Amino acid sequence: MKRFVRTLALAGAIAGTLSTAAAAQAMEPGFDAAPARSNTAGFSLGVFLTGSAVRAEESDEIDSGPGGTVHLGYGINQNVSFFVRVTAAEMQPAESGGESYAMAHADLGARYSFASPAAALRPYVQAAITGRALSFDLGSEGNLEARGSGFTGAAGLEYFITPRMGLEASLSYSIGKFSEGRLGGGEWIDFEDDAFDAVSSRFDLGFSWHP
C-alpha cells in the first residue's frame, strides 16, 4: 500500500512539473500561442495491449499474463474527463505447472490531464472504482469464479501524433477484496471471513482516438 501511494505521488509530481514548465514558457514575453497539438475534450476511444499481474496480500508469489484493454471516455474540458475501462487477461501462476486462469477488471473513474492543447505530450493521473473477477477452469466441475470491488489509481502519458490520435502508456494499481465466489455457474456465495485482499497491476500500451 505504501509503495502504491509513493508511486502515484511521484507520478503526480513529475506530471505537475511538466505542466508548470509548459505554462511558464507560454507566459514569456514574445511567446506566441501555439496551434493545438492535442485534444482531450469530448469522446475518446482507446485500445491497448496489457500486461497484468496480481498478488494475494499474504503471498509473495506474483501471477502475471498478457491481455487487452478497451477505454471509452468523455472529456468535459481539456483537463477533466470521465471513463469506463475494461481489461481481460490470461494469467500464468507463479508456481510452476499451475493452470492458467482468466482475470478481468472493470473501471469507472475520472482522469486529470496536465498541460494544454498546445502540448503534444499530455501526462495524466486517474482514479477509479474497480470491479475484479477471476475464473478458473476446473474441467468437468465447471468454472470456479471469484469477484470483488476495490479502488484503482493510475498515472500515464499520452503523446498526440495528430491532434486527435495519441500513443498512450499507463501504469495502474488496484487494491481491494475478492468477497464472493461460485462454482459451475451456481449462486454467488459471500466469502464472509474468508474474503481475501489482493493487489493487481496493469501496464497498458496502445492508441487513443479523440473523434
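**Exercise 1. Find what share of the residues in the protein is buried, and describe the overall fold in terms of its elements.**

Solution. Of the 211 residues in the protein, 35% are buried, where buried means under 20% relative accessible area, exposed means over 50%, and partly exposed lies in between (1.4 Å probe, protein chains only). The model is a predicted one, in which local features need pLDDT of at least 70 and side-chain atom pairs count only at pLDDT 80 or more, while totals for chains, interfaces and linings use all residues. Residues are numbered from 1 along each chain as its sequence is written, and side-chain values use heavy atoms, with hydrogens and water left out.

The next step is the elements: the protein has one helix and 10 strands, taken as DSSP runs numbered from the N terminus (helices are H or I with at least four residues, strands are E with at least two). Read from the N terminus, the order is α-β-β-β-β-β-β-β-β-β-β.

The last step is the surface and the contacts. The accessible surface comes to about 11700 Å², and 62% of that surface belongs to carbon and sulfur atoms; such areas come from the Shrake-Rupley method with a 1.4 Å probe, and for residues only the protein chains shown count as cover. A contact means heavy atoms within 4.5 Å, and among contacts between residues at least 6 apart in sequence, 64% join residues at least 24 apart.

**Exercise 2. Work out the surroundings of glutamate 168: which strand holds this residue, and which side chain does its own side chain touch through a polar contact?**

Solution. Glutamate 168 is placed in strand β7, which covers residues 165–178, and this glutamate counts as buried because its relative accessibility is 3%.

Its side chain makes a polar contact with the side chain of tyrosine 124, at 2.6 Å. A polar contact is a pair of N or O atoms within 3.5 Å; within protein, one must be able to donate a hydrogen and the other to accept it, and residues adjacent in sequence count only if both atoms are side-chain atoms.

Once neighbours within four places in sequence are left aside, the contacts of glutamate 168 include Arg111 and Tyr124. These two residues also meet each other, for the charged end of arginine 111 sits over the ring of tyrosine 124, 3.6 Å from its centre. The criterion is that NZ of Lys or CZ of Arg is within 6 Å of the ring centre and within 35 degrees of the ring normal.

**Exercise 3. Determine how many aromatic pairs the structure holds, and examine the pair of phenylalanine 43 and tyrosine 74.**

Solution. The structure holds five aromatic pairs. Rings of Phe, Tyr and Trp (its six-membered ring) pair if their centres lie within 6.5 Å, and planes under 30 degrees apart count as stacked, over 60 as edge-to-face and the rest as tilted.

Phenylalanine 43 and tyrosine 74 form an edge-to-face pair, with 4.8 Å from centre to centre and 65° between the planes. Phenylalanine 43 belongs to strand β1 (residues 42–56) and tyrosine 74 to strand β2 (residues 63–75), so the pair ties together parts that are 31 residues apart in sequence. Phenylalanine 43 is exposed at a relative accessible area of 54%, whereas tyrosine 74 is partly exposed at 40%.
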